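Look at the sequence and the structure first, then work through the points below.

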Amino acid sequence: MEYNHADKACELFAGGLNCAQSVFTAFTDITGIDRDLAVRLSSSFGGGIGRMREVCGACSAMFMIAGILYGPDESFSHEDKTQHYRRIQELAADFKEKHGTIICRELLKELSVTSNPEPEKRTEKYYKVRPCVRFVRTAAEILDRYISDNPPVL
């Protein structure tokens, strides 16, 4: 089955959600998570986790969704954990292949970004210079491809 959550994720970002919220919320049809809960749960991961410019929020959302769909439950084995970490590293490697890194401050190196807690206003200028929508699209596309190739058993 083919999935296309990238356009939805980009629409959500253009509508004001942060990078993590946009990706995470776009996949609620598959995860089964309530939309409002998805928005709140992923809210802390925007801007590289609370605007600290660490791991890209779009990647964090991708990893959280992979955990919901494929993560081992409480009765996991060592091999289950190893397999899941391998999956996460594969998703990260796919993102790195396109953008060189999964670290927010490195992705935004062309901009003068800060780690202060106040988010930038979403203006026309913001969207013209901010490359984040590309990262949102990439994360959603990678995850769609992974899900298509590895249907989850829910």
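## Helix 2 and helix 5

Helix 2 packs against helix 5 at an angle of about 30 degrees, and their axes are 7 Å apart. That makes helix 2 roughly parallel to helix 5. This is a predicted model, in which local features need pLDDT of at least 70 and side-chain atom pairs count only at pLDDT 80 or more, while totals for chains, interfaces and linings use all residues. Residues are numbered from 1 along each chain as its sequence is written, and side-chain values use heavy atoms, with hydrogens and water left out.

**Terms for helix pairs**

- Two packed helices are described by the angle between their axes and the distance between the axes.
- Axes are lines fitted to C-alpha atoms, for helices over the stretch in contact, and angles run from 0 to 180 degrees between N-to-C directions.
- Angles under 35 degrees count as roughly parallel, over 145 as roughly antiparallel, 65 to 115 as roughly perpendicular and the rest as oblique.
- Helices (H or I, at least four residues) and strands (E, at least two) are DSSP runs, numbered from the N terminus.

**More on helix 2 and helix 5**

- Helix 2 passes helix 5 in a right-handed crossing. A crossing is right-handed if the near helix is turned clockwise from the far one by less than a right angle, and left-handed if anticlockwise.
- Helix 2 brings Cys19, Ala20, Val23 and Phe24 to the contact, and helix 5 brings Gly57, Ala58, Ala61, Met62, Met64, Ile65 and Ile68. Contact means heavy atoms within 4.5 Å.
- By class, these residues divide into 10 nonpolar, one polar and no charged. Ala, Val, Leu, Ile, Met, Phe, Trp, Tyr, Cys and Pro count as nonpolar, Asp, Glu, Lys and Arg as charged, and the others, Gly among them, as polar.

**Helix 2 and its surroundings**

- Eight of the eight residues of helix 2 are buried, so helix 2 is largely enclosed by the rest of the structure. Buried means under 20% relative accessible area, exposed over 50%, and partly exposed in between (1.4 Å probe, protein chains only).
- The buried residues of helix 2 pack against helix 1, helix 3 (28-31), helix 4, helix 5 and helix 9.
- The axes of helix 2 and helix 4 come within 8 Å and cross at roughly 150 degrees. The crossing is right-handed.
- In this pair, Ala20, Gln21, Phe24 and Thr25 of helix 2 meet Arg35, Ala38, Val39, Leu41 and Ser42 of helix 4. The contact has five nonpolar, three polar and one charged residues.

**Helix 1 and helix 9**

- Helix 1 (residues 6-14) packs against helix 9 (residues 132-149) at an angle of about 150 degrees, with axes 8 Å apart. That makes the two helices roughly antiparallel.
- Helix 1 passes helix 9 in a right-handed crossing.
- Among the residues that meet are Ala9, Cys10 and Phe13 in helix 1 and Val136, Arg137 and Ala140 in helix 9. The contact divides into eight nonpolar, no polar and four charged residues.
- Ala9 is buried, with a relative accessible area of 0%. Beyond its neighbours within four places in sequence, Ala9 is in contact with Ser22, Val23, Ala26, Val136 and Ala140.
- Ala9 and Glu141 are 132 residues apart in sequence, and 9.8 Å apart in space, C-alpha to C-alpha.

**The nonpolar core**

- The largest nonpolar core has 44 residues. Such a core is a set of buried Ala, Val, Leu, Ile, Met, Phe, Trp, Tyr and Cys residues joined through side-chain atoms within 4.5 Å.
- The residues with the most contacts inside this core are Val23, Phe27, Met62, Phe63, Leu91, Phe95 and Val136.
- Leaving aside neighbours within four places in sequence, the contacts of Phe95 include Cys59, Met62, Leu107, Phe135 and Ile142.

**The loop between helix 4 and helix 5**

- Arg51 lies in this loop. Arg51 is buried, with a relative accessible area of 10%.
- Ile49 has a positive phi of about 75 degrees although it is not a glycine. At 30% relative accessibility, Ile49 counts as partly exposed.
- Arg53 has a positive phi of about 65 degrees, and it is not a glycine either. At 5% relative accessibility, Arg53 counts as buried.
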